[in-house]
Amino acid sequence: SAAQKPQIVFVLGAPGSGKGTICKNLVDKFNFVHLSAGDLLREEQNTAGSEHGDMIKEYIKLGKIVPVEITCGLLKKAIEKSGSDRFLVDGFPRNQNNFDGWQKVMSDCVDVKFVLFLDCSEEVCTDRCLKRGAQGSGRTDDNLESLKKRFNTYTNETMPIINHYEASDMVRRVNTNRTIPEILEDIKEIFSSFNA
Ligand code: UP5
Ligand code: MG
């Protein structure tokens, strides 16, 4: 039909809360394209000749949030290139700068349906990321030192964004301190408005 705006669900939650894992499971069931902001940044960092490569590398290791011009630019490009009309945007917006930058550039051309908030304890999240690191994830931030920083950033900068969406009744919370089948069972209902 004529120019229906792409539908977006933001997927937020602490490092290791299961954003990537849950998104992968939702892609087929509900016909989404999955865009992980972190994956796009890691890809950009590895792109030969990228002018932002060194900066992204430094930010990720320190758990700091990359300026929105870079991240939102990568998301916008990926949305346009895919041609899909339904996206899971994983790990964004993470702070006020991200939120403002997205509003400025994207709010007119997409329709944000809700925020899926994966709520998981710091202890469980940390164990998962450390285990992934030990199994050879190759991620420079899957170590205790980086994880502490990632959690600080999450608590101080990302939680306020989730609370902001909560105030507009846009947050759908799921407890992800559980097995993947248990989580997916709850999530099915949250996504029931999206036909497959
Ligand atoms: N696992 C998952 N669910 C499980 C379950 N229910 N039971 C048992 N195990 C489970 O899962 C993590 C691990 O746990 C995996 O091994 C998985 O098998 C297992 P995953 O699905 O990868 O969790 P996720 O929430 O995606 O964890 P991730 O580490 O990717 O979260 P982060 O938010 O830290 O990482 P992201 O890639 O989004 O960002 C990395 C960095 O990029 C940021 O710190 C920041 O520096 C930068 N960044 C920006 O600057 N701006 C952005 O917009 C985005 C990122
Ligand atoms: Mg992830």
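Let me start with ligand 1, which in this predicted model is surrounded by 32 residues, the closest of them being Pro15, Thr21, Gly38, Gly91 and Arg128. If you sort the residues of that shell by class, you find eleven nonpolar, 14 polar and seven charged ones. Several helices take part, and those that each supply at least two residues of the shell around ligand 1 are α1 (19-30), α2 (37-45), α3 (53-62), α6 (122-134) and α8 (180-190).

Before going on, a word about confidence: the chain has a mean pLDDT of 96, with 98% of its residues at 70 or more, and the scores for the model are ipTM 0.99 and pTM 0.98.

Now I would like to turn to a pair of helices. In general, two packed helices are described by the angle between their axes and by the distance between those axes. So how do the axes of α4 and α5 cross, and within what distance do they come? Helix α4, residues 68-82, and helix α5, residues 96-106, have axes that come within 9 Å and cross at roughly 45°. The crossing in which α4 passes α5 is right-handed.

As for the residues that make this contact, α4 contributes Val68, Glu69, Thr71, Cys72 and Lys76, while α5 contributes Asn97, Asn98, Gly101, Trp102, Val105 and Met106. Taken by class, the contact of α4 with α5 consists of five nonpolar, four polar and two charged residues.

Key
Residues numbered from 1 in each chain as written. Chains lettered and ligands numbered in written order. Predicted model: local features only at pLDDT ≥ 70, side-chain atom pairs only at ≥ 80, totals over all residues. Near = placed C-beta within 6 Å. Helix = DSSP H or I, 4+ residues; strand = E, 2+ residues; numbered from the N terminus. Nonpolar A, V, L, I, M, F, W, Y, C, P; charged D, E, K, R; others polar. pLDDT = per-residue confidence, 0-100. Axes fitted to C-alpha atoms, helices over the stretch in contact; angles between N-to-C directions. Left-handed = near helix turned anticlockwise from the far one by under 90°. Contact = placed C-beta atoms within 7 Å.
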